[in-house]
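Open the model in your viewer and keep the selection tool at hand. The stops below say what to select and what is there.

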Amino acid sequence: MEGIPIRNARRGDIPSLLLLWDAMLAEFIAMDPRFALHPKAREQMAAEFAAWLQDPARIVVVAEEAGRMIVGFAAGVRRPGNGWQVPERVGRITDAYVAAPRRRKGIARRLAGRVLDLLYEDGVGTVRLAAAIHNEGALAFWRSMGWSDLEVVLERPVPLADEV
Amino acid sequence: MHFLGEAAHGEARMRLMPDARERSEHALPVWMGQDDRVLLVAADEGEGAVPVAYAMGLLRKVPPLLAATQVGEVLEVFVDEAHRGQGLGDALVAVLCDALVGRGAQVLRAAVPVSQPAAEARLARAGFGRLQLELERSLDRG
């Protein structure tokens, strides 16, 4: 989309990235309270963004509108496999988010596509990601881009509700 | 290895690496010495205490992003085919979960291939519910 190019993130983008991350988690929590944050989450995420931008195994890209406002981001990483199952190297999309007022314009597709391109250039042949079970929009989006279900991640609270 | 073999049989994307067995043989003694890892076996005393089922879990410390920083992971639960249907898997899950909570787990998680609904059903009986889906995509452009 004209006026909203995708580029690699820079250190100066961290405050904007944190705002988007805040908004993303707020949406997750509204869908599912199990995504409640740790009291130090924001501080931790700021440190992680700074570390990611220094880590050659990490990819962070942003969508910037009119040269001044970050309206979306996506992040990925290359990792070794689990050592038992193929593939030996796995890419992962760890985050992808577009501010609500800028959705349905193809920005998420372009952000994800850039991360996939960079992972492919780095020799990765398989990529994985996790999507919240109640996030039907995200699941529909990823499946429309050719992603298929591999595993279901289950959780059990401690203690169980009937043990309280 | 049978556990991973069954997972691979039901899901080609999770097939084993050629040296998986050798890697397991080297890893097992290390795992047995790790305080944050729980390895349980069920043995058939009638067959000379041969293990017929096992379960393995791990207490993982994660960065302070979500509320829980001590996550108990149910990694593997396997019952030999000849001994299924006797509640061994359910019993192992129960003991494993208690052990992980005893080590400080604030939440319990498990990942199950979508091709193994029986495994998910076993964990659902133990109080697990769906949190996320793990999706995969190939980037092969051949």
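**Helix crossing in chain A**

This is a predicted model. Start by selecting helices α1(A) and α2(A), whose crossing is right-handed. Helix α1 covers residues 14-31 of chain A and helix α2 covers residues 41-54; their axes come within 10 Å and cross at roughly 130°. That angle makes α1(A) oblique to α2(A), because angles over 145 degrees would count as roughly antiparallel and 65 to 115 as roughly perpendicular.

Next, show the side chains where the two helices meet. From α1(A), select Ile14(A), Leu17(A), Leu18(A), Leu19(A), Trp21(A) and Asp22(A); from α2(A), select Ala41(A), Arg42(A), Met45(A), Ala46(A), Phe49(A), Ala50(A) and Leu53(A). By class, this contact has 11 nonpolar, no polar and two charged residues.

**Two cores**

Now move to the largest nonpolar core, which has 54 residues. Select Ile93(A), Trp142(A), Trp147(A), Val74(B) and Phe128(B), the members that touch the most others. Centre on Phe128(B): beyond its neighbours within four places in sequence, Phe128(B) is in contact with Leu154(A), Glu155(A) and Arg156(A) from chain A, and with Val74(B), Cys97(B), Leu108(B), Arg109(B), Ala110(B) and Leu123(B) from chain B. A second, separate core has 21 residues, including Ala9(A), Met45(A), Trp52(A) and Phe73(A). In soluble globular proteins, nonpolar side chains tend to be buried together.

**Chain B**

Colour chain B by secondary structure to see four helices and five strands. Along the sequence the pattern is α-α-β-β-β-α-β-α-β. Of the 142 residues in chain B, 45% are buried.

Then select Glu136(B), in strand β5 (residues 129-138) of chain B. Is Glu136(B) buried or exposed? Glu136(B) counts as buried because its relative accessibility is 7%, and the cut-off for buried is under 20%. For a distance check, pick the C-alpha atoms of Glu136(B) and Ala105(B): these residues are 31 apart along the chain, and the atoms are separated by 28 Å.

**Backbone stops in chain A**

Most residues other than glycine have a negative phi, and most peptide bonds are trans.

- Ala66(A) is in the loop between β2 (58-65) and β3 (69-80) of chain A. Its phi is near 55°, and Ala66(A) is exposed at 54% relative accessible area.
- Arg104(A) is in the loop between β4 (89-98) and α3 (107-121) of chain A. Its phi is about 60°, and Arg104(A) is exposed at 87%.
- Pro159(A), in the segment after β6 (148-157) of chain A, is joined to Val158(A) by a cis peptide bond with omega about -5°.

Note on methods
Residues numbered from 1 in each chain as written. Chains lettered and ligands numbered in written order. Predicted model: local features only at pLDDT ≥ 70, side-chain atom pairs only at ≥ 80, totals over all residues. Heavy atoms only, no water. Axes fitted to C-alpha atoms, helices over the stretch in contact; angles between N-to-C directions. Parallel < 35°, antiparallel > 145°, perpendicular 65-115°, else oblique. Left-handed = near helix turned anticlockwise from the far one by under 90°. Contact = heavy atoms within 4.5 Å. Nonpolar A, V, L, I, M, F, W, Y, C, P; charged D, E, K, R; others polar. Core = buried A, V, L, I, M, F, W, Y, C linked by side-chain atoms within 4.5 Å. Buried < 20%, exposed > 50% of the residue type's maximum accessible area, 1.4 Å probe, protein only.
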